Amino acid sequence: MAKQRDERGEKREVWDGVIEGMPLFAKELIAGGVAGGFAKSAVAPLERIKILFQTRQAEYRSLGLIGSFTKIAKTEGTLGFFRGNGASVARIVPYAALHYMAYEEYRRWIIDGIPGVGKGPILDLVAGSFAGGTAVLFTYPLDLVRTKLAYQVVGSQKLNIQGIVTGEQVYKGIKDCFSKTYKEAGIKGLYRGVAPSLYGIFPYAGLKFYFYETMKSHVPKERKNDITIKLACGSVAGLLGQTFTYPLDVVRRQMQVQRLSASNSHEMKGTADTLVMILRTHGWKQLFSGLSLNYLKVVPSVAIGFTVYDLMKAYLRVPSRDDAVVEAVTSNRDSQSSTLHS
C-alpha cells in the first residue's frame, strides 16, 4: 500500500514538473482545445439541425425543430444527430485552441508593444477580432468538410441520399470528402466560402470578447471570479455577437454546399452574388434561418466552453490574465537585457 502511494507520489511529481516546464502558450492551446471539443460535442444535434435549416429549407424548415429531430431519428438513427461531428470536433479543437491562445497572445503583444494602451474592452475587441481571423484561416478546410458531411441526408436502410437529384456527391467520411473536394477544385475548393467566414468572424469574435469584458467590468469585484457570472456574461456576449453576424454565416453555408444543392439553379460566384440570390429567392428572413435554434446552441456551448476552459487553466496552473501579461513582459525585457549585456 505504501509502495503504491510512493509510486503515485512520484508520478504526480513528474506530472507537476511537466506542467511547470510547459510554456504559457502551450497551456492555453491545450485548455482551449479541450474546452472547444467538449462544447461542440454537447451541442452537435442542434448544430446538425441548424445546418439543415440553413441549406435545406424546403425539406426541414416546414417540419420545425421537433419534426426535424423526429425525421432524422427515423431515417438515420441516433448517429444521424452526430453526422459531421467528427469533422466538426477535428476542426473545433485546433480552432478553439488557436482562438484562445491567439487572443491571449495578441492581447499581450498589444499591451507590450504599445506603451500606455488601456486594458479596456477596445483592446479585447481588437485582440479577439485578429484571433478569430487567425483561427479561421488555419482551420477553414475542416469547417467546409464538416458542413458537406452534415448536409448529406442518408436513409437508414438503403444508405442513399433521399430527396436529392441523382449525381449529388456522396462522401463516405472526412478523408473521402477532403480528397474529392481537392480533386474537384484544388486548394481553392477547400477554401470556398472563406470570405464571408472572415467577414463574420472578425466582428463576431471581437464583439464577443468586447461584450464579455464590458459586462464583466460592471460585476462587483467580490463576484468577478464566480464561474456562474462568467458563464452568464459569456452566454449573453455570444448571443449578441451571433445576432449581428448571423446572416454572413448563412451565406457561408450556402456557398459551401452550392455544388451539392439541387434547388440552386444559379451559379453563385461569390459572397455578394450569394447574398443577392438568397434575398431574391427566399427573402431577407432566410438570412436569419436557424437563428433561434442557434440561440439554443450558443448558450450551453458557451457555458460548457467557459467552464471547461477555466477548469483546464486551473489544472494547468495558467496565471491570471494580468499576471500573464506581467510575466510575458518581464521575460521579454530580461531576454533583451541579457542580449545587450552579452
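## Helix 7, tucked inside

Let's start with helix 7: 24 of its 31 residues are buried, so the rest of the structure largely encloses this helix. Here "buried" means under 20% relative accessible area, "exposed" means over 50%, and "partly exposed" is anything in between (1.4 Å probe, protein chains only). Helices are DSSP runs of H or I with at least four residues, strands are runs of E with at least two, and both are numbered from the N terminus.

Helix 7 covers residues 121-151, and its end C-alpha atoms are only 37 Å apart, while a straight helix of 31 residues would span 45 Å at 1.5 Å a residue. That expected span is 1.5 Å times one less than the number of residues. There is also a bend of about 65 degrees at T139, with a proline, P141, following within four residues. The bend is the angle between two fitted axes, one for the seven residues ending at a position and one for the seven starting there.

## What you are looking at

This is a predicted model, in which local features need pLDDT of at least 70 and side-chain atom pairs count only at pLDDT 80 or more, while totals for chains, interfaces and linings use all residues. Residues are numbered from 1 along each chain as its sequence is written, and side-chain values use heavy atoms, with hydrogens and water left out.

The protein chain has 13 helices and 0 strands. Of its 342 residues, 48% count as buried. Now for contacts, meaning heavy atoms within 4.5 Å: among those with a separation of 6 or more, 78% are between residues 24 or more positions apart. The accessible surface comes to about 17600 Å², and 62% of that belongs to carbon and sulfur atoms. Areas like this come from the Shrake-Rupley method with a 1.4 Å probe, and for residues only the protein chains shown count as cover.

## Rings that pair up

How many aromatic pairs does the structure hold? There are 9. Rings of Phe, Tyr and Trp (its six-membered ring) pair if their centres lie within 6.5 Å; planes under 30 degrees apart are stacked, over 60 edge-to-face, and the rest tilted. Y103 and F209 make a stacked pair, at 3.9 Å centre to centre with 5 degrees between the planes. Y103 sits in helix 6 (residues 85-113) and F209 in helix 9 (residues 194-217), so this pair ties together parts that are 106 residues apart in sequence. Both Y103 and F209 are buried.

F130 and F202 are edge-to-face instead, with 6.1 Å between centres and 85 degrees between planes.

I187 belongs to helix 8 (residues 174-190) and is exposed, at 53% relative accessible area. I187 and P141 are 46 residues apart in sequence, and their C-alpha atoms are 9.0 Å apart in space.

Most residues other than glycine have a negative phi. R317 has a positive one, near 60 degrees. Look for R317 in the loop between helix 12 (291-315) and helix 13 (321-341), where R317 is partly exposed at 39% relative accessibility.
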